[in-house]
Amino acid sequence: MASRELFSSKMGFVMAAAGSAVGLGNIWGFPTNTASNGGAAFVLVYLVLAFCLAYPALMAELVIGRASRANIVTSLRDIAGERGIPWAGILIGGYGVIIASLIYSFYSIVAGWMVAHWAESLTTMAGQSQWSEWLVAFGLKRNIIFTAIFMGLTMAIISRGVSAGIERWSTRLMPVMMLLLVVLIIYVLTQNGASEGLKLYLIPHFSDLKPQVFLSAMGQAFFSLSLGVGTMLIYGSYLSDKENLPQIGAIVTLTDTGIAFIAGLLILPAIYVAKEYGTNVFTDGGELIAGPDLIFQVLPALFGSMGTAGTLVAFAFFTLMTIAALTSSISMLEVPVSLATENTKIGRGMATLIIGSLIFLISVGICLNFGALFGWVINFTTVYSEPVLGILLCVFVGWLWHRNKVLNALKPGMDNAEQSLFFKIWPMYVRFVCPLLILATFIQSLR
Ligand code: PHE
C-alpha cells in the first residue's frame, strides 16, 4: 500500500475530479433537461439541489475513499467488515463496479458519435462529402468503429496511471475545454435569436415548478457529479492527506455546476439561433427538441446553414464534447481497473487492456441490439442504480461508520475538524436527509 500513487497536487486533483464530473451530463444533459423542464425555474432548483444534496453525497465518497485508500469494493468490505458483514460491502461495491462499467459502455458509444461528428467537420473542410455523409449517418459499422476509437483513447490514458495518465490529461484537456466553451458562447450570443434562448434560460416562471422539476433536477445533479458508482471514491483515495476534504469537494461541486450553468448559455441560445436560421426546433407536440436530436440534428443543421464559419464552429463544438466525454470516461474505467490492480497481480497496462476489451464487447452487444438495449442500459444504470448506490454509500458513512471514524477521516488537512460547522451538520445530514431525498428521486423514477 505504501507505493500507492497519489495525485501530485491539489490542482491536479481538482482538474481530474472536475474532469470526471463535467461531461456530456453538463453540456448536453443539463441544458436539454432545462429546455424540457420549463427553463429558469429548473436552473434554480438544480443549483439548490446540487449544493444541498449532491455535495453532501459527493463528500461521502471522497471521505470513504481517502480514509480507506482503496477501490470501492475493498473500502466498503472493510467498513462493513467492522460490523461483521464484509459480504455486504463486497456486494454493494461490486454492484458499483458493474454499474460504472455499464455506464462506460453506453457513454463510449455516445462519445463515439461525438468523435464521428468531429471527423465530419474535417472531411467537410477537405471537401470529402461522401465521407461526411457516412460519418454522420447512423450505422452499425460507424458506431462500432468510433466506439472503439474513443475507448482506445481512454484506455491509453488509464494505462498510464494516476499522475502520468488521469492527472496529466485532465490538466491538459480541461482548460482547452473551458476555452472552447467560452469562445462558442461568445459566438452564439452574437447571433440573431440568441436573446430569446437567454430569456427562457434566465427568467424563471415559478408556475413551472411542478414536482417533476425537483425530481429531474435531483437525478441530473447526481449523474453530473459522477456519484454512486465509486469514481469519486477512487479519486478521493488518490488524494493527499494535506488536503481539506470539505473545501476541495466544494470546489469540485462549484466547478461542475458552474460549467453546467455556462453550458446552458451556449445550448439554449443556440436552439433559438437555429430557429432563426430556419431549422425546426420544436417537436410535433410543440415542445423544444431535446435529447439526441438536439445535438445530432438541430445543432448540425445550424452549423450547416452558417457556411464556412459553421464548419469551424462544428469543429470547435465537437472537440469540446469529445474532451468533456473523455475526462469523464477515464474516471469510469478507473473503477474496475483499480479493483483489478489492487486485488490481483495483474499490472495496470494489462488490466486496462483486458477490462477495456471486455467492456468494448458489451458496447458492441448494445450496438447490435441498439433498439432493445441502449435505452434500457441508460435507465438501468443512471435512473435506477445510481440513486440506489447513492443511498447505500450515505448509509455506509452515516450508519455503519462511528462518528469518531468520520472525524478521523476528516482531520487530515483540516485543523479544526471537530469544531467545524461541517462536522456539526454533515454526519447527521448524510444519515437522514440524503438517503430520504434520494429515495424520493428513486420512487419517482419507478412511476
Ligand atoms: N458526470 C459525468 C457527466 O456529467 C458522467 C459520469 C457518471 C461520470 C458517472 C462518471 C461516473 O457526463
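The model is a predicted one, in which local features need pLDDT of at least 70 and side-chain atom pairs count only at pLDDT 80 or more, while totals for chains, interfaces and linings use all residues. Residues are numbered from 1 along each chain as its sequence is written, and side-chain values use heavy atoms, with hydrogens and water left out.

A backbone N or O atom of G25 is 2.9 Å from a ligand oxygen. On the nitrogen side, a backbone N or O atom of F223 lies 3.0 Å from a ligand nitrogen atom, and a polar backbone atom of S224 lies 2.9 Å from a nitrogen atom of the ligand. The protein buries 100% of the 330 Å² that the ligand exposes when taken alone, with areas from the Shrake-Rupley method and a 1.4 Å probe.

The space taken by the ligand is the largest cavity, where more than half of the ligand atoms lie within 2 Å of the grid points. A cavity is a set of points, on a 1 Å grid over the protein atoms alone, where a 1.4 Å probe fits but cannot get out; a pocket is an open set with protein on both sides within 12 Å along at least five of seven lines, and lining residues have an atom within 4 Å of a point. The largest cavity holds about 140 Å³, and among its 18 lining residues S20, I103, F223, S226 and M332 lie nearest its centre.

The second largest cavity has about 70 Å³ of space. Its lining, which includes L184, Y187 and F317, has 12 nonpolar, no polar and no charged residues.

The largest pocket has a volume of about 1,000 Å³. Of its 34 lining residues, N33, Q220, I378, T382 and V383 lie nearest its centre. Helix 10 gives the most to this lining, with 8 residues.

Terms used:
Polar contact = N/O pair within 3.5 Å; in protein donor to acceptor, adjacent residues only side chain to side chain. Points joined across faces, edges and corners; volume = space filled by probe spheres on them. Helix = DSSP H or I, 4+ residues; strand = E, 2+ residues; numbered from the N terminus. Nonpolar A, V, L, I, M, F, W, Y, C, P; charged D, E, K, R; others polar.
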